[in-house]
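Visitor: I have a new structure open and would like to talk it through with someone. Could you start with whatever term I need for the first part?

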Amino acid sequence: MSESKQQEATPKKYILGYWAIRGLANPIRMMLEWAGADWEDELYVQGDGPEFSREEWNSVKYKQGLDFTNLPYLKHGDVRLTQSNAIARYVARSLGKGLYPSEASVAELGYVDMLTEVAMDLRNDIIRCCYGRKEEYPARLQRFQARFPPVLAQLVAYKNKHVTQGPWLVGKDGKLSFVDFILWELLDQIRIMWPDAWSKDDKVVVDFMAAFESQPAIAAYLKSDRAIKPANNKTAAFI
């Protein structure tokens, strides 16, 4: 079945369940917005301290029909998925907008998968920095600031070697990849934590961020009341 026919055969409504934070779900939200999909958030709010209750989610998590109970989850017709990268890939394929390189070679798909896992490693490093004893956050941030520049340099080197047209870090021939959504989200969180994470002379990164944010649907969503503001949950040192 072709990508267009597959898109026509899939149900229209996407329901994305997650905490009321950006976290793992924001790249998926922005893909759905960018594509003009019919979708909605199912948001769960963590309680305030000192308990930081998760009861709002715990009270309903086994009633969602999920094979592997977790957040985020996606409901799309009869499909019930968890695991953020699996959801991102599914959404990218089912939208039929070229976010997943369906015609790519096995080698090209290998590179896309690699970048997806590189992004997850970076996210996990951000999480280790943001969560933990609040009084130790400055020291954790300082250690993150030492680790991040080599990662950014490798992302730039990858783009310069493999993506020679257009501003995207992963998507080729001027076409966005679903991984670009993930990387923008991580880089945006980093520049909020650390405004000097890169300079205005870092043209590849500056151009990537500006091009992504200038996509009309993305720009409208980020300015809207529907856009989630907190990056992390209430137990984080950096929210």
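Guide: A residue is called buried here if its relative accessible area is under 20%, and please keep in mind that this is a predicted model.

Visitor: Fine. Which residues of strand 3 are buried, then?
Guide: In strand 3, residues 73–76, Tyr73 and Lys75 are buried on one side, and Leu74 and His76 are buried on the other, so that both faces of the strand are covered. In a regular strand the side chains alternate between the two faces of the sheet.

Visitor: Which way does strand 1 run relative to strand 3, and how many bridges join them?
Guide: Strand 1, residues 13–19, runs antiparallel to strand 3, and three bridges join the two. Within that pairing, Leu16 stands opposite Leu74.

Visitor: And how many bridges are there between strand 3 and strand 4?
Guide: Strand 3 pairs with strand 4, residues 79–82, over four bridges, again in the antiparallel sense. Leu74 turns up here as well, standing opposite Leu81 in strand 4.

Visitor: What happens in the hairpin of strand 3 and strand 4?
Guide: Two residues lie between the strands of that hairpin, and Gly77 takes a positive phi near 65° there.

Visitor: Changing topic: is Glu33 buried or exposed?
Guide: Glu33, which lies in helix 2 (residues 26–34), counts as buried because its relative accessibility is 17%, which falls under the 20% cut-off.

Visitor: What does Glu33 touch?
Guide: Leaving aside residues up to four places away in sequence, Glu33 touches Trp39, Ala217, Tyr221 and Arg226. Glu33 also has a C-alpha to C-alpha distance of 6.8 Å to Ile218, although the two are 185 residues apart in sequence.

Visitor: Which residues of helix 9 are buried?
Guide: Ile218, Ala219 and Tyr221 are the buried residues of helix 9. They lie on the same side of helix 9, because they cover an arc of only 165° around the axis. Pro216 and Lys223, on the other side of helix 9, are exposed.

Visitor: What do the buried residues of helix 9 pack against?
Guide: They pack against helix 2, strand 2 (38–44), helix 7 and helix 8.

Visitor: Which residues are buried in helix 8?
Guide: In helix 8, residues 203–213, the buried residues are Val204, Val205, Phe208, Met209, Ala211 and Phe212. Their arc around the axis is only 165°, which puts them on the same side of helix 8. As background, an α-helix has 3.6 residues a turn, so residues three or four places apart point the same way.

Visitor: And what do the buried residues of helix 8 pack against?
Guide: Their packing partners are helix 2, helix 6 (137–162), helix 7 (178–193) and helix 9 (216–223).

Visitor: How does the lining of the largest pocket divide by class?
Guide: The lining of the largest pocket has nine nonpolar, five polar and six charged residues.

Visitor: What about the second largest pocket, what is its volume?
Guide: The second largest pocket has a volume of about 360 Å³. Of its 22 lining residues, Tyr18, Trp19, Leu24, Asn70 and Leu71 are the closest to its centre. Two or more residues of the lining come from each of strand 1, helix 3 (55–58), helix 4 (84–95) and helix 5. By class, the lining of the second largest pocket has 11 nonpolar, nine polar and two charged residues.

Visitor: Last one: how many cavities of 30 Å³ or more does the structure hold?
Guide: The structure holds one cavity of 30 Å³ or more, and the volume of the largest cavity is about 130 Å³. Its lining comprises 14 residues, of which Leu24, Pro27, Asn85, Arg123 and Ile182 are the closest to the centre.

Visitor: Which element gives the most to the lining of the largest cavity?
Guide: Helix 5 gives the most to the lining of the largest cavity, with four residues. The residues of that lining divide into eight nonpolar, four polar and two charged.

Conventions: Residues numbered from 1 in each chain as written. Predicted model: local features only at pLDDT ≥ 70, side-chain atom pairs only at ≥ 80, totals over all residues. Heavy atoms only, no water. Buried < 20%, exposed > 50% of the residue type's maximum accessible area, 1.4 Å probe, protein only. Contact = heavy atoms within 4.5 Å. Arc of directions from axis to C-beta. Pairing = 2+ DSSP bridges. Nonpolar A, V, L, I, M, F, W, Y, C, P; charged D, E, K, R; others polar. 1 Å grid on protein atoms, 1.4 Å probe; cavity = no way out; pocket = protein on both sides within 12 Å on 5 of 7 lines; lining within 4 Å. Points joined across faces, edges and corners; volume = space filled by probe spheres on them.
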